[in-house]
Amino acid sequence: MSLPRLKIIVAEDSELQRLYLCSLINELGYHAIEAEDGHVALELAVETGAQIVISDLQMPKLDGIGLTLKLRELDLGYYIHVIMLTGADEMENRAEALRVGADDFITKGSSTAMLKARIRTATRLINHAAELAERTRVLKEANERIEEDLRAAAAAQRQLLPNLQDDIMGFEVASAFVPSAIVSGDMFGCFALNEAKLGFYAVDVSGHGVHASLLSVAIGHLVTPDYFRTHAFDANGRPDPANMIAVLNQRFSLSENDDYFTMFCGIIDKTSGHIDYCQAGYPSAFYVDRYGSAMSVGDGGFPVGMIPTATYDNNEHHFDTGAALVICSDAAAEAENISRQPFGSTRVRDVAQLFPSVRANKIPNEMVRALNKWRDGAPLEDDLTVVALERKASHDTHQNT
């Protein structure tokens, strides 16, 4: 096999020696480029793209050590291999040449085989570097395509999330959503189920990244108002959100993957303010009355899809006019500051208690602001969802489904 026709600069002040080396190099299948001193060799290295320089150690104007120093200062995007020509008695100079970046040596008067071996060694290194650069380029392009696809997936996922900044059946509903990565494992929804009932849910899929986001999107497509109406009411039309979660648990427990998610869902009667809710491992919500006093709503439950035989319970709460319900994923309480101290549920409650001085439609952004301050601007390590519902006075409400 013929060697690649790489360019090799020969920096040698002796014209006879320079012509001799260039002749040998050309015969080996390379392209030799003459340089009568170190300054010319440096200029040619920039102009020609040569990746091998054979330099005499002793030269006027700029010697081999000075040339090597200058070559190492160049930013060409590739490495230049320096092979130094030395005399047999220049061992101390060799040590200095190695220190400044020389790669190899050839003793003057060595055989052609020695020169050939040194050049072949440099060629193998160059070819290996070229292969690595090509692989890096391919991987970079693939990574850019993946990131582009992820951004498109994130945009599609955000389109599935409701724009909760409106009145729904007499409830002012607001939300904040902050993914820890490009895509997220969180999903939530709030919608009218009939003329009297409002349904809501929040889901947090275990794990992060694409896999969690795909499951959250699947849940978002699945848990619709029709799904609520079909599975979250009993045969007599009474709210039964625990049954809906049990149905979801059976569905996702059959998966061969170890997928599971936590969930908080409920049904609110717009007239009476009665809430029927079920909690499945999701953090407890905070109910804040019109005076700013907060209490925890919910006491745990099993995640969905983890234990096929898990059972779920319905719970009740009353939603007074002028009060608010604040629901946060566990990213809020678990967010750590620079000292590895978690934000904690007490601080989450403190932000929720900003209501009623700060209306419910401002609470999600207040939570995000508090967490950002707590983490000194560092991104969250988990996906954050905050949903706030305020039951408005009847004369302030209007229908919006």
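**Close-up 1. Crossing of helices α2 and α3 in the predicted model.** Helix α2 passes helix α3 in a right-handed crossing. The contact involves G38, A41, L42 and A45 on the α2 side, and L67, K70 and L71 on the α3 side. Sorted by class, the contact of α2 with α3 consists of five nonpolar residues, one polar residue and one charged residue. Helix α2 spans residues 38-48 and helix α3 residues 64-73; their axes are 9 Å apart and form an angle of about 20 degrees. Because of this angle, α2 is roughly parallel to α3, the cut-off for that term being under 35 degrees.

Close-up 2. The side chain of D269 makes a polar contact of 2.9 Å with the side chain of K197. A polar atom of the D269 side chain also lies 2.9 Å from the backbone nitrogen of S272. Leaving aside residues up to four places away in sequence, D269 touches A196, K197 and H274.

**Close-up 3. R340 in the loop between α9 and α10.** The loop that holds R340 runs between α9 (330-334) and α10 (344-352). R340 has a relative accessibility of 54% and therefore counts as exposed, a class that begins over 50%. The side chains of R340 and E336 make a polar contact at 2.9 Å. R375 is 35 residues from R340 in sequence, and the C-alpha to C-alpha separation of the two is 9.5 Å.

Note on methods
Residues numbered from 1 in each chain as written. Predicted model: local features only at pLDDT ≥ 70, side-chain atom pairs only at ≥ 80, totals over all residues. Heavy atoms only, no water. Axes fitted to C-alpha atoms, helices over the stretch in contact; angles between N-to-C directions. Helix = DSSP H or I, 4+ residues; strand = E, 2+ residues; numbered from the N terminus. Parallel < 35°, antiparallel > 145°, perpendicular 65-115°, else oblique. Left-handed = near helix turned anticlockwise from the far one by under 90°. Contact = heavy atoms within 4.5 Å. Nonpolar A, V, L, I, M, F, W, Y, C, P; charged D, E, K, R; others polar. Buried < 20%, exposed > 50% of the residue type's maximum accessible area, 1.4 Å probe, protein only. Polar contact = N/O pair within 3.5 Å; in protein donor to acceptor, adjacent residues only side chain to side chain.
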